[in-house]
Amino acid sequence: MQRHLISAADLTRDDAVLILDTAEEMARVADRPIKKLPTLRGRTIVNLFFEDSTRTRISFEAAEKRLSADVINFTAKGSSVSKGESLKDTAQTLEAMGVDAVVIRHGASGAPYRLATSDWIDAAVINAGDGTHQHPTQALLDAFTMRRRLVGRDAGIGQDLAGRRITIVGDVLHSRVARSNVDLLHTLGAEVTLVAPPTLVPVGVETWPCEVSYDLDSTLPKSDAVMMLRVQRERMNAAFFPTEREYSRRYGLDGDRMARMPEHAIVMHPGPMVRGMEITAEVADSERCTVVEQVANGVSIRMAVLYLLLGGNEPAVSQARTTEEK
């Protein structure tokens, strides 16, 4: 493992499988009466969020506390950032406090990379989402969910997603989740197809390691997993499609479309879902939908990432089991 986690593209296959296998061990901690490991006792982690977030921030905080770390939550609203303080000044303030890791979400693409490669702070940096660029832990938890559902919990240990066909549907243009998933799933051997209106496909997508389609119905019968993306209106400065109804008709997932998927195929969504637009309530509430599982798996994945970046070289297996036996 490297010192920082900035992009899913930085992970090798072995790195990714190690994180997924470690997360499987961390998931066992959640089944115990006391959901704690002493691994990061005495370490200080700052959650540095310049953008609004519910799932990611709470997930990281839960992961940090389950590893016994000291947690500081920082939000831009109500801080000196609202008075004009720069990222550099904020980072140097944290450095003076002696933090060991920074989990950063920022609206500007590249902010976590700038923080990691500068001399502003001597701490591990984990990207929790930067602009429309990357969200590596989201891609990892998605891959973890796919491996559990499509391969199996125990059978998946040491395995990647070779040969699996994943379809990602919706607002690819503004989605850091789509970019991260394409990078990681390709590394893990999966075949990825992006489905979106032409106006919501990024320039240069032909260089990505994936296929592009504009016809959702033709891709569904050959998909092992279908990931729906939210239309990110807050990042849009123009009309990218005629109406919500038209978008839903062509790119929304309803019960009829779900029935065209193979029986084993799953439906995923990074959240928050806009029911009735990209996904209907019937699909969102079905057993094939993994949204709630993804949230639970997010804690395990983030525990694994923090453990591997900060916890030393001991394998998580022996650490978790020794603690449990005590």
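Reply: Leaving aside neighbours within four places in sequence, Leu184 is in contact with Ala8, Leu11, Ala16, Ala139, Leu140 and Ala143; contact means heavy atoms within 4.5 Å. The model is predicted, so to speak of a local feature requires pLDDT of at least 70 and a side-chain atom pair requires pLDDT 80 or more, while totals for chains, interfaces and linings use all residues. Residues are numbered from 1 along each chain as its sequence is written, and side-chain values use heavy atoms, with hydrogens and water left out.

Leu184 belongs to the largest nonpolar core, which has 82 residues; Leu184, Met146 and Ile301 touch the most other members. Helix H11 (residues 291–310) gives the most to this core, ten residues. A second, separate core has 19 residues, among them Leu87, Val102, Leu115 and Ala123. A nonpolar core here is a set of buried Ala, Val, Leu, Ile, Met, Phe, Trp, Tyr and Cys residues joined through side-chain atoms within 4.5 Å. Buried means under 20% relative accessible area, exposed over 50%, and partly exposed in between, with a 1.4 Å probe and protein chains only. Helices (H or I, at least four residues) and strands (E, at least two) are DSSP runs, numbered from the N terminus. In soluble globular proteins, nonpolar side chains tend to be buried together.

Helix H1 (residues 13–29) packs against helix H5 (residues 136–150) at an angle of about 70°, with the axes 10 Å apart. H1 is therefore roughly perpendicular to H5. The contact is made by Val17, Ile19, Leu20, Asp21, Ala23, Glu24 and Ala27 of H1, and by Leu140, Ala143, Phe144, Arg147 and Arg148 of H5. These residues divide into eight nonpolar, no polar and four charged. Ala, Val, Leu, Ile, Met, Phe, Trp, Tyr, Cys and Pro count as nonpolar, Asp, Glu, Lys and Arg as charged, and the others, Gly among them, as polar. Axes are lines fitted to C-alpha atoms, for helices over the stretch in contact, and angles run from 0 to 180 degrees between N-to-C directions. Angles under 35 degrees count as roughly parallel, over 145 as roughly antiparallel, 65 to 115 as roughly perpendicular, and the rest as oblique.

Strands pair if DSSP finds at least two bridges between them.

Strand E3 (residues 101–106) runs parallel to E4, joined by five bridges. Val102 stands opposite Val125 in E4, and Ile104 opposite Asn127. E1 and E3 also pair in the parallel sense over five bridges, with Asn47 opposite Val103. Six of the six residues of E3 are buried: Ala101, Val103 and Arg105 point one way, and Val102, Ile104 and His106 the other.
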